[in-house]
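Me: I have a structure to go through for class. Can you walk me through the strands and the rings?

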Amino acid sequence: MPRTLLWVFAAALSVVVSGCERDDICAQSTPTTPLLIIEFYDVDNQTDLKPVTNLLVQATDVEEPFQLFNGVSRIALPLKTNELSTAYTLTLNAGSEQAENTDELVIDYETLEEFISRACGFKVTYNNVEIMDIPGTDGSWIQGLNQEQFNITNENEAHLFIFH
C-alpha cells in the first residue's frame with residue numbers, strides 16, 4: 001500500500017512540474033505594445049527641448065484625465081489597439097494662473113497584431129501613422145509638429161516632436 005501511494009504521489013508531481021513550462025512566465029524584458037513618444041521643443045530654437053507646464057492630457061472619449069505633466073519635455077501616451085484612431089486633448093497651463101490653451105491631437109493608424117508567446121500574448125504595432133493638430137477655440141499653443149516615425153514599433157526614439 002505505501003508503495004502505491006508513493007507511485008501516485010510521484011505521478012501527480014510529474015504532472016504538476018511538466019505543466020509549468022518556461023513559456024508560462026512573461027519576462028519583463030519582452031517587448032510589449034509600444035506607446036507614442038512625444039518630445040517638446042522650443043519653437044524659437046528647435047534643437048532645444050522645452051518642458052511643458054501643467055499639461056493636462058485627456059483622451060477625448062474618456063471623462064477622467066490621463067495625466068497631468070509638469071516640467072517634462074517627453075511624454076508617452078497609449079494608443080487604442082482595437083480601433084484605428086486615438087484622439088487626445090492637450091491643455092497647457094491647466095489649473096494654473098496663466099490662461100489655459102487646448103489643442104487636440106488626432107492619431108490615425110493601422111494596427112498589426114504580433115503573437116509573442118503563450119504567457120505574453122499579443123503585442124500591437126502601429127503602421128502608417130498620421131498625426132494632426134486641431135487648434136482649440138482659444139488658439140493653438142502647438143506651433144508646429146514634426147512626425148519623426150510613421151511606424152510605431154518600439155519606444156527607443158521619439159515618434160513626434162511638438163514645438164511650442
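Reply: One definition to begin with: two strands pair if DSSP finds at least two bridges between them. Strands (E, at least two residues) are DSSP runs, numbered from the N terminus. This is a predicted model, where local features need pLDDT of at least 70, side-chain atom pairs count only at pLDDT 80 or more, and totals for chains, interfaces and linings use all residues. Residues are numbered from 1 along each chain as its sequence is written, and side-chain values use heavy atoms, with hydrogens and water left out.

Me: ok, in what sense do S5 and S6 pair, and over how many bridges?
Reply: Strand S5 (residues 85-92) and strand S6 (residues 101-117) are antiparallel, with eight bridges.

Me: which residue in S6 is the bridge partner of Thr89?
Reply: Glu104.

Me: what order do the strands have in the open sheet of five?
Reply: The order is S3-S2-S5-S6-S7, and the pairing is antiparallel. At the edges are strand S3 (67-69) and strand S7 (121-135), each of which pairs on one side only. Neighbouring strands in this sheet are turned by 25° against each other on average, direction ignored. For that angle, axes are lines fitted to C-alpha atoms, and angles run from 0 to 180 degrees between N-to-C directions.

Me: and the open sheet of four strands, what order there?
Reply: That one runs S4-S1-S9-S8, with mixed pairing. Strand S4 (74-77) and strand S8 (144-147) are its edges; each has a single partner strand, so one side of each has no neighbour in the sheet.

Me: in what sense do S1 and S9 pair?
Reply: Strand S1 (residues 36-41) and strand S9 (residues 160-163) are parallel, over four bridges. Within this pair, Glu39 has Phe161 in S9 as its bridge partner.

Me: switching to rings. how many aromatic pairs?
Reply: There are six. Rings of Phe, Tyr and Trp (its six-membered ring) pair if their centres lie within 6.5 Å; planes under 30 degrees apart count as stacked, over 60 as edge-to-face and the rest as tilted.

Me: why is the pair of Tyr109 and Tyr126 edge-to-face?
Reply: Their planes are at 75°, so the pair is edge-to-face, with the ring centres 5.0 Å apart. Tyr109 lies in strand S6 and Tyr126 in strand S7, 17 residues apart, so the pair links distant parts of the chain.

Me: Tyr109 and Tyr126, buried or exposed?
Reply: Both Tyr109 and Tyr126 are buried (under 20% relative accessible area; exposed is over 50%, partly exposed in between, with a 1.4 Å probe and protein chains only).

Me: and why does Phe122 count as exposed?
Reply: Because its relative accessibility is 53%.
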